[in-house]
Amino acid sequence: MTAALIVFAYLAIVLYIGIFAFRKYERKPDAEEFFVAGRSLGPAVFLLSLFGTNMTAFTILGSAGHAFGNGILTFGLMASASAFIIPLCLFLFGTRIWSLGRRFGFITPVQMYRDRWDCGHIGTFIFVVQAALLVPYIIIGVMGGGATIFAISGGAVPYWIGGAIVALVVMSYVFLGGMRGTAFVNAFQTVLFLSFGLAAVLFIGWRSGGFAGAMERIAASPDAWLLTRERISPWYFFAYTLIPLSTIAFPHISIFCLTARRMNEFKRTIILYPLCILAIWLPCVFLGVAANGMREVPAIDAKLEARAAMAAPGVTPEDRAALRPQAAGDDVVIVLLEHYAPIWLAGLLGAGIMAAVMASDSQILALSTMFTEDVFAYYGGKRRFGERMQVATGRAFVIVLTAAAYLIAIRAPQSIFDLAVQYAFTGYAALVPLLVGALFWRRSTKWGALAVALWTAFIVLGVAVFQNMVPAPPPGREVVAWSVGGMPVLSRVATGTAIFGLLPVVAATIGSSILMWAVSLATPPPQAATVERYFAGK
Amino acid sequence: MRSWILALSAAALYLLHQDFWFWRDARLVFGVLPIGLFYHAAYCVACTGLMWALVKFAWPDELSTGTEG
């Protein structure tokens, strides 16, 4: 209960930050202040907040859980690939988005696309696709919050109440503080988690007698493969490097690029981003892997027993489905903390985990910004009702969206990791050609942009429908749904869907790149005057 | 010339992510860190080096001309 009280104290601090930012907003109550913090964030807040925005329940709970079940490959798949791709995208795209935002006053990516390609309703369609892809990501935050409070309180606070508390706190400070409140909270959360991530490893290592014993036990067990990547193909590993491309296309990241006071604020962020990833992911992945050698923790032992039962010969698909939640490792860090850390530290570390879990604030604000700017203001609301009503609409949308995300979260039991990767990341990676076309290619057209958005909607919906229709086979097997000349084109595998044997993100991204290129060349070029405004002197 | 070197360095670093030489290697570095995990931790440090070089030698100053508030 002490741990839960510390977490609640943390939530109160976060709420106060929102109120503090609200007072700042009251001094300059306009849309730019609410939605992009008046484009005035300095280097430290920009770095910490941008990084915090990318840390979600998926990063902390999902990564440790994935490492618990899949071993060290988790770090190479998601962390080190991101350490290369994300800062590179900030360098190439982020600086250009910031520059155009400054020059033309954009607040959302769709505003930029509409202006760049002289289009209206196509922009609205892109908004719909972006919004549909962002919602699952928001749901993860609420799910992670509910699971964390449930685990930290020892089950005293039910999942549905934990989720409601997190949703309510996030909604309150986003509602009050807008982008400035969200940025301050994210910066605070990042500092908290960077401090406590290392403390978690040190304390668990110290109290458990060191990790060397755990690692040696894993190396000597049938689970020694967890220390290698022998169970996945190098092609799968390679394909996964496309997933972090999605980051820059996520609207909350694109919009956040507009908050920097000067372009120079990007410099420190780009350089330090890989080290921040290292500092956060390495402890999580390491703890997730090491947990496999800590059978002295009863909850871990139960998970390993469930995993062994799933792999036993003759187990039915129904039994496997029933065992899967028991073997899942999403709460593995919390379980270790509860067992090894003193109660007060477990509370502080729990607050650190909450910090990451509550990163859905940026997505909620981004979606509210997009709705207000790309729909409400674009279709005349701003002209008719004025700027104050525009901000009020944004705030109302924050309430509606958070409530909807909460209701879905308490009904959807799907794994945090699967939900995020299969829908949001793949879809946003497929939308990257929009940015490439808008920022780097004069000849790109609105029809090319429409083709990209349609293709993204098609492939994400297609994967979702396919996975619902075809049940997952046991690990290591595949159900081929469509093949050409003996070569599998579309297959159902244990982890999701494979297209040509690879993750759907490969087909999604290559397909949308080809469509942007081919459809743009086949349609009339955009107006010369517009192109000149974007590429003058280049 | 400089931008070519940076582009080639970025391409090389991207390919180095695919460390097939440690694929099935379960050795522990310092008795505790699997070598595949150690390699990718070091890879993150190398990424910081590349990003420093990009910022130092290829910063797009022209984008901020006339936009600083």
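Modeller: Asp118(A) counts as partly exposed, because 13 C-beta neighbours lie inside 10 Å; the cut-offs are 20 or more for buried and 12 or fewer for exposed. The model is a predicted one. Asp118(A) belongs to the loop between α6 (109–116) and α7 (121–152) of chain A. Its phi is near 50 degrees, a positive value in a residue other than glycine. Most residues other than glycine have a negative phi.

Phe30(B) sits in the loop between β1 (28–29) and β2 (33–34) of chain B. With 7 C-beta neighbours inside 10 Å, Phe30(B) counts as exposed.

Chain A is built from 24 helices and three strands. Its radius of gyration is 23 Å, close to the 24 Å that the globule rule gives for 538 residues, so chain A is as compact as a globular protein of that length. Taken along the principal axes, the C-alpha atoms of chain A fill a box of roughly 70 × 65 × 40 Å. Of its 538 residues, 58% count as buried. Among contacts in chain A with a separation of 6 or more, 82% join residues 24 or more positions apart.

The largest nonpolar core holds 195 residues, and Val285(A), Leu287(A) and Ala429(A) touch the most other members. Helix α8 (residues 159–207) of chain A gives the most to this core, namely 20 residues. Leaving aside neighbours within four places in sequence, Ala429(A) is in contact with Leu242(A), Ile243(A), Leu245(A) and Ser246(A), and also with Val505(A), Ala508(A) and Thr509(A).

One helix of chain A shows burial on a single face. Helix α14 (residues 298–311) has 14 residues and reaches 20 Å from its first C-alpha to its last, close to the 20 Å expected at 1.5 Å a residue. Ile300(A), Lys303(A) and Leu304(A) are buried in α14(A). Seen down the helix axis, the buried residues of α14(A) fall within an arc of 95 degrees, so they line one face of the helix. These buried residues pack against α15 (317–327) and α16 (332–340) of chain A. Pro298(A) and Asp301(A), on the other side of α14(A), are exposed.

The C-alpha trace of chain B spans about 55 × 30 × 15 Å along its principal axes. Buried residues make up 22% of the 69 residues in chain B.

The two chains meet in a contact that takes 42 residues from chain A and 32 residues from chain B. On the side of chain A that touches chain B, α5 (73–104), α9 (211–219), α10 (234–239) and α13 (265–290) each supply at least two residues. Helix α5(A) gives the most to that side, with 14 residues. The residues of this side of chain A divide into 27 nonpolar, six polar and nine charged.

Technical notes:
Residues numbered from 1 in each chain as written. Chains lettered and ligands numbered in written order. Predicted model: local features only at pLDDT ≥ 70, side-chain atom pairs only at ≥ 80, totals over all residues. Contact = placed C-beta atoms within 7 Å. Helix = DSSP H or I, 4+ residues; strand = E, 2+ residues; numbered from the N terminus. Nonpolar A, V, L, I, M, F, W, Y, C, P; charged D, E, K, R; others polar. Core = buried A, V, L, I, M, F, W, Y, C linked by C-beta atoms within 7 Å. Rg over C-alpha atoms; globule rule 2.2 N^0.38 Å. Expected span 1.5 Å × (residues − 1). Arc of directions from axis to C-beta.
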